[in-house]
Amino acid sequence: MEPTRDYPLFGGAFSTILPPGAIDVSDLRPVPDNQEVFCHPMTDQSLIVELLELQAHVRGEAAARYHFEDVGGVQGARVVQVESVQPLSLENLALRGCCQEAWILSGKQQVAKENQQP
């Protein structure tokens, strides 16, 4: 996979640029329809892009944190660490006509891989 080309996500709904050597996990095992999962062949790191359902009781930055912490809880994460939460400019989004706001959260979760203990 080339590091400088856009890699389509969710059937081409949007795209991302992946690090060199990233492997699409769906080529190795089943991945839920609401996820795109990539792993690095030489490290223990994964990148997961997940589409989540709107939760009307939280908004803005709190919504980004809510989803990140919820996913960590469901996955049995031993560590859930938010590093940053920043708003995205709507004019740069392909879905700008559908969104009132968009946020990006960067963080780390320590989660056991399939069939391993945390």
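Phe10 is buried (under 20% relative accessible area, where exposed means over 50% and partly exposed in between, with a 1.4 Å probe and protein chains only), its own relative accessible area being 16%. The model is a predicted one, in which local features need pLDDT of at least 70 and side-chain atom pairs count only at pLDDT 80 or more, whereas totals for chains, interfaces and linings use all residues. Residues are numbered from 1 along each chain as its sequence is written, and side-chain values use heavy atoms, with hydrogens and water left out.

Phe10 is placed in the loop between strand E1 (7-9) and strand E2 (14-16), strands being DSSP runs of E with at least two residues and helices runs of H or I with at least four, numbered from the N terminus. The phi of Phe10 is positive, near 50 degrees, although most residues other than glycine have a negative phi. Together with Tyr7, Leu9, Leu18, Ala22 and Phe38, Phe10 makes up the largest nonpolar core, a term for buried Ala, Val, Leu, Ile, Met, Phe, Trp, Tyr and Cys residues joined through side-chain atoms within 4.5 Å.

Two salt bridges, or 2 in the whole structure, were found under the criterion of a side-chain nitrogen of Lys or Arg within 4 Å of a carboxyl oxygen of Asp or Glu. Arg65 pairs with Glu61, the closest N and O atoms being 3.2 Å apart, and both residues lie in helix H1, 4 residues apart. Lys108 forms a salt bridge with Glu83, with closest N and O atoms 3.6 Å apart; because Lys108 lies in strand E7 and Glu83 in strand E6, this pair ties together parts that are 25 residues apart in sequence.
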